[in-house]
Amino acid sequence: MEEMEEELKCPVCGSFYREPIILPCSHNICQACARNILVQTPESESPQSRRASGSGVSDYDYLDLDKMSLYSEADSGYGSYGGFASAPTTPCQKSPNGVRVFPPAMPPPATHLSPALASVPRNSCITCPQCHRSLILDDRGLRGFPKNRVLEGVIDRYQQSKAAALKCQLCEKAPKEATVMCEQCDVFYCDPCRLRCHPPRGPLAKHRLVPPAQGRVSRRLSPRKVSTCTDHELENHSMYCVQCKMPVCYQCLEEGKHSSHEVKALGAMWKLHKSQLSQALNGLSDRAKEAKEFLVQLRNMVQQIQENSVEFEACLVAQCDALIDALNRRKAQLLARVNKEHEHKLKVVRDQISHCTVKLRQTTGLMEYCLEVIKENDPSGFLQISDALIRRVHLTEDQWGKGTLTPRMTTDFDLSLDNSPLLQSIHQLDFVQMKASSPVPATPILQLEDCCTHNNSATLSWKQPPLSTVPAEGYILELDDGNGGQFREVYVGKETMCTVDGLHFNSTYNARIKAFNKTGVSQYSKTLVLQTSEAIIIHEIQPMKDTDSEEQTVPFPVPSERLPLRRMSPFSSTLNLQPSFPGRAYFDFRSSPHQLSLHSSLQSLNAPGCNFETQSTSYSQLVDIKKLLAVAWFAFDPGSAHSDIIFSNDNLTVTCSSYDDRVVLGKTGFSKGVHYWELTVDRYDNHPDPAFGVARIDVMKDVMLGKDDKAWAMYVDNNRSWFMHNNSHTNRTEGGITKGATIGVLLDFNRKTLTFFINDEQQGPIAFENVEGLFFPAVSLNRNVQVTLHTGLQVPDFYSSRASIA
């Protein structure tokens with residue numbers, strides 16, 4: 001009902017309609033409000049003049065808004081009659097509902113009629129305050145509009161229901177509106193209380209439930225009656241049936257319904273039940289007393305928790321302040337060393353400046369003296385000193401040539417601060433359960449004899465210490481990112497062996513394990529350093545027979561044995577590897593122009609006796625592995641994406657629920673090698689600007705990709721594209737995207753470049769150079785775009801040939 005209230009209010013006055021009239025545009029308005037917004041029009045626009053000219057229009061003609069509009073100046077808040085200089089400009093006002101209305105150009109003349117019946121000026125015009133359509137009134141004025149009696153009736157009923165709303169008598173907090181009344185119980189119920197306290201079964205099933213309004217009227221018109229029998233309304237209850245547990249009348253006993261049942265006097269049973277209820281209340285009162293004491297205890301605990309929290313926060317602040325003070329002291333010591341090095345460098349350079357200045361002064365003096373000697377015309381006198389001067393000049397020249405003009409000190413400071421251990425310790429700073437009810441499990445021990453790496457997979461095994469008496473509920477395995485970065489959880493569970501696939505080739509990883517139970521977690525184990533193999537290059541797998549077929553499938557037998565547990569790494573990967581099998585590599589090969597599907601661990605390529613023949617003679621073929629080139633398989637990451645991103649198709653297809661651009665990253669990060677992936681545009685509406693590229697893990701997720709310094713992207717519309725990094729737009733290139741377009745992204749760490757393609761053609765020059773570090777595939781889009789990711793693709797042929805030439 002409350003949602004309907006806005007429909008019952010006038011757009012001019014903001015109150016409930018009073019004597020509403022219906023305009024030809026089907027909107028309603030109070031009759032008094034209609035008189036207030038009347039405006040007098042020029043004589044030439046009156047209905048009479050139009051009929052005289054033979055235009056044949058109806059009495060309620062809408063004005064041409066292009067020629068004469070009361071809202072021609074709507075942006076400035078004023079309206080005027082276009083083309084009539086004599087018409088005064090009328091200020092525009094706003095109603096309580098926010099609708100612009102026009103006051104009358106002049107006050108209406110005094111009249112003895114009511115405002116609803118008073119005559120209106122000739123040639124008057126009224127504009128609907130909702131749709132702004134204007135019309136000229138005929139001689140009947142406002143009386144020519146029909147009154148909306150239905151709307152008046154709805155308003156009357158609505159106001160009565162609002163005023164007459166009855167509340168439930170059994171709601172404990174914020175009583176709800178009653179929906180029924182029981183005439184026998186004389187109680188108003190809402191729906192939840194009726195179902196809970198007055199179920200429609202047993203004796204209550206015969207009670208009469210009426211609407212609240214009817215119940216209120218019956219309560220008001222008739223006094224409370226004596227309880228009567230539900231089967232015989234003229235008989236009062238006089239007895240109590242013990243078997244049926246309900247009051248009955250004398251006629252019920254005579255008719256035989258309760259003739260064989262035990263009955264007792266109504267008054268005696270009334271007193272007996274009162275006594276039983278009182279005894280039950282005594283036990284409940286004891287429980288209520290205990291509950292009150294318990295509540296007091298809980299309130300005391302709240303106060304104690306608050307006090308302990310303040311004390312603990314103060315202790316934590318003091319400990320952190322002590323760490324900050326220690327860091328500041330160490331900072332001062334390091335700065336002192338830097339200043340000492342600074343002073344030493346300055347002293348050496350200044351000493352060299354002073355020495356060179358003295359020697360330069362001596363050299364300049366010798367040169368000037370020699371020039372003056374050369375000017376002398378006395379040969380004998382010149383020859384007496386010439387030999388000595390020549391020797392001095394050569395000696396001075398030799399002195400300048402013995403490293404005198406080489407700086408004795410460099411401008412660089414040969415100091416490098418190693419803060420990684422401290423940062424790692426800060427990240428690991430955490431609370432320890434000091435008052436645990438039971439101890440935490442012991443630190444697990446890594447079983448080095450069972451830990452190994454193969455290709456880009458790592459297998460780790462661990463166990464609890466032999467003398468440990470505290471059981472562990474599970475273990476948490478953590479690896480860094482292969483670049484000395486932060487540790488991340490890669491496995492949580494009860495197993496004591498795990499294989500992590502999809503690591504970087506030729507990289508060094510640090511691994512550690514800890515145990516946990518309900519009490520808490522143990523300390524970390526010793527860190528184990530793992531080295532993955534050098535990269536295997538996967539380029540082409542071709543069957544040597546049946547080359548005429550466009551698509552070939554080489555089936556291999558798949559054994560049932562599998563490793564007990566494998567987990568995919570959340571870090572950058574070259575291949576998403578499947579469980580490996582001894583002595584054979586198994587492939588499911590499909591050749592296509594855009595995708596090479598390879599499902600194998602490649603773990604046994606060099607194993608003894610390895611061959612690539614199938615077991616079936618009908619499919620007997622040899623697979624020629626000419627050259628191998630690493631490819632990456634990954635999907636979008638829901639864990640790091642913005643909450644507005646919508647995933648489907650096993651996280652390979654994404655769109656957005658917002659009109660603003662939102663960012664989603666791939667699950668795989670890259671820091672080495674050459675990687676290429678494509679995105680197809682499944683839906684493209686209203687010419688948005690999706691962006692494609694790479695980003696750091698901490699890129700902003702609520703703006704377009706490339707707006708900050710953590711992303712390198714190409715954003716493109718239906719006509720052109722731009723490259724963007726740190727909100728800097730470069731290299732505008734013609735050519736856009738439509739539905740069905742394919743965008744390719746090529747990340748080449750060998751050449752440190754990022755290049756984009758649209759429909760298999762390079763879009764613009766190389767987008768970004770000097771690309772180094774860990775990057776994740778990234779896309780930003782809004783609700784007008786949907787894209788699908790395609791991975792595991794070969795590098796485009798023309799790029800490969802160009803790279804080989806380079």
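Helix H7 crosses helix H8 in a left-handed sense, meaning that the near helix is turned anticlockwise from the far one by less than a right angle. H7 covers residues 266–374 and H8 residues 379–400; helices here are DSSP runs of H or I with at least four residues, strands are runs of E with at least two, and both are numbered from the N terminus. The two pack at an angle of about 155 degrees, their axes lying 11 Å apart. Axes are lines fitted to C-alpha atoms, for helices over the stretch in contact, and angles run from 0 to 180 degrees between N-to-C directions.

On the H7 side, the contact (heavy atoms within 4.5 Å) includes Cys 356, Leu 360 and Tyr 369; among its H8 members are Phe 382, Arg 392 and Trp 400. The contact residues split into 12 nonpolar, three polar and two charged. Here Ala, Val, Leu, Ile, Met, Phe, Trp, Tyr, Cys and Pro count as nonpolar, Asp, Glu, Lys and Arg as charged, and the others, Gly among them, as polar.

All of this comes from a predicted model, in which local features need pLDDT of at least 70 and side-chain atom pairs count only at pLDDT 80 or more, while totals for chains, interfaces and linings use all residues. Residues are numbered from 1 along each chain as its sequence is written, and side-chain values use heavy atoms, with hydrogens and water left out. The average pLDDT, the predictor's confidence in each residue from 0 to 100, is 76 for the protein, and 72% of the residues reach at least 70. Over residues 96–117 the value is below 50, and it also stays under 50 over residues 536–630.

Turning to the sheets, six strands line up as E32-E42-E34-E35-E36-E37 in an open, antiparallel sheet. Strands count as paired if DSSP finds at least two bridges between them. E32 (662–665) and E37 (728–734) each have a single partner strand, so one side of each is left without a neighbour in the sheet. Neighbouring strands are turned by 20 degrees on average, direction ignored. Four bridges join E32 to E42 (residues 776–781), with Leu 665 opposite Ala 778 of E42.

Another open antiparallel sheet runs E20-E19-E22-E23. Its edges are E20 (488–493) and E23 (528–531), and its twist averages 25 degrees from one strand to the next. E19 (residues 474–479) pairs with E20 over five bridges, and Tyr 475 has Gly 493 in E20 as its bridge partner.
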